[in-house]
Amino acid sequence: MAAVFRNSKFSVNVNLALAYGTIAATMLVGLANISGVDGASAMYVFGDSYVDTGNFRDLSAFPPYGSIWPGYPAGRFNEGRNLADCIAELFDLPYPTPYLRLENNSEALRGVNFARSGAGVTYAYGLTALVSQVDEIEALVEKHVLTKAHLRKSVALVNIGVNDYHVRNRRGAFQEHDKEQELHTTITTIVDGIALSLVRLYGLGVRNIVVSNLALMACAPFVTEVTTFTSCSRNATLLTQTSLHNSLLQQRVKTLNRNLGGLHIILVDQTKAFEVLFHHGSEHAGFENTMTPCCIGKAVPHGLVCGHNDTAGHPMYTLCEDPSKHVLFDTIHPSEAAWQTAVDLFAHVDGFTVGGPTLRAWMSKHGV
């Protein structure tokens, strides 16, 4: 049985499949059971560079980032919109203002993006971790810029975890056969960090949360470069990290939804969506190149990194002609076209959320 979804740009034809298959009692069970509302008021975003829209402006402050939309570098690590933008559009909400660029309280009421490129659940690359991002929204509540009543009518998006594994693997733990106990401890620490942040958001009034599982690390270009971007890695560490992380995250989300009254978390299957795009994007979504990035660095010491110029101002990277034909824009981040297609799958095709309805059906059920 197959499902076909069409938008203005793509036709996606995928086989329907089943979704992939305890946090301690720190649950805030005394809070009121809040029913669905008539459409979300705003979106609040937490995570890493997949959803950062301008808080961390290093390479993303330079061309070719933002070249298609908005037409200049605006703090997103691709040529246009990213996951946060596409989710905001799905919910028919304004793009959340980057936290570090808030100019007044009224902007906060229209949505805030707290995400930081390079961030993790742990301190990963030393950047603003998830717990600190939640501290920032908590401070806005304590200052009465945001209220619990407003957050109950809003939606949160959380996308994080990959950088924690990147840092661990770069420190010499990237092996075919890892120490099992250490690996399990790391995964539990990361997933429980996400879960505890979800509990904190619940305590601040948030009731509707979209959480994504891991990106498909085995197909990332910095891994597939060794095959000239022709095939994903079969490295046992990467595959185990992704599988165990996703399974444990699913368990934690199920526990939170069951124990916290009025909480509605939906887990979107980012792993599966990009597995489809990498392996079947040419057949079903109009991508001409599913594995090779559009923008690739071409000189030492920057390696594959996009966005560097030499001292004369000449680009130290190669750029494809049409980013919309590529699943990946640079060596880590998907193109706008890939994000749009992934969100279409979450929203409209069964099997691209984990253990739940489509994202659109979830929105309708809970009034968001």
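Q: Is Glu336 buried, partly exposed or exposed?
A: This is a predicted model, in which local features need pLDDT of at least 70, side-chain atom pairs count only at pLDDT 80 or more, and totals for chains, interfaces and linings use all residues. Residues are numbered from 1 along each chain as its sequence is written, and side-chain values use heavy atoms, with hydrogens and water left out. A residue is called buried under 20% relative accessible area, exposed over 50%, and partly exposed in between (1.4 Å probe, protein chains only). Because its relative accessibility is 12%, Glu336 counts as buried.

Q: How far apart are the closest N and O atoms of Glu336 and Arg81?
A: A salt bridge is a side-chain nitrogen of Lys or Arg within 4 Å of a carboxyl oxygen of Asp or Glu. Glu336 forms such a bridge with Arg81, and the closest N and O atoms are separated by 3.2 Å.

Q: Which residue is linked with Arg81 and Glu336 in a network of salt bridges?
A: Arg81, at 16% relative accessibility, counts as buried. The network of salt bridges that holds Arg81 and Glu336 also includes Glu89.

Q: What is the relative accessibility of Asp85, which forms a salt bridge with Arg76?
A: The closest N and O atoms of Asp85 and Arg76 are 2.6 Å apart. Arg76 counts as buried at 9% relative accessibility, and Asp85 also counts as buried, with a value of 1%.

Q: How many salt bridges does the count come to?
A: One of them joins Asp192 to Arg252, with the closest N and O atoms 2.6 Å apart. By the rule given above, the count of salt bridges comes to eight.
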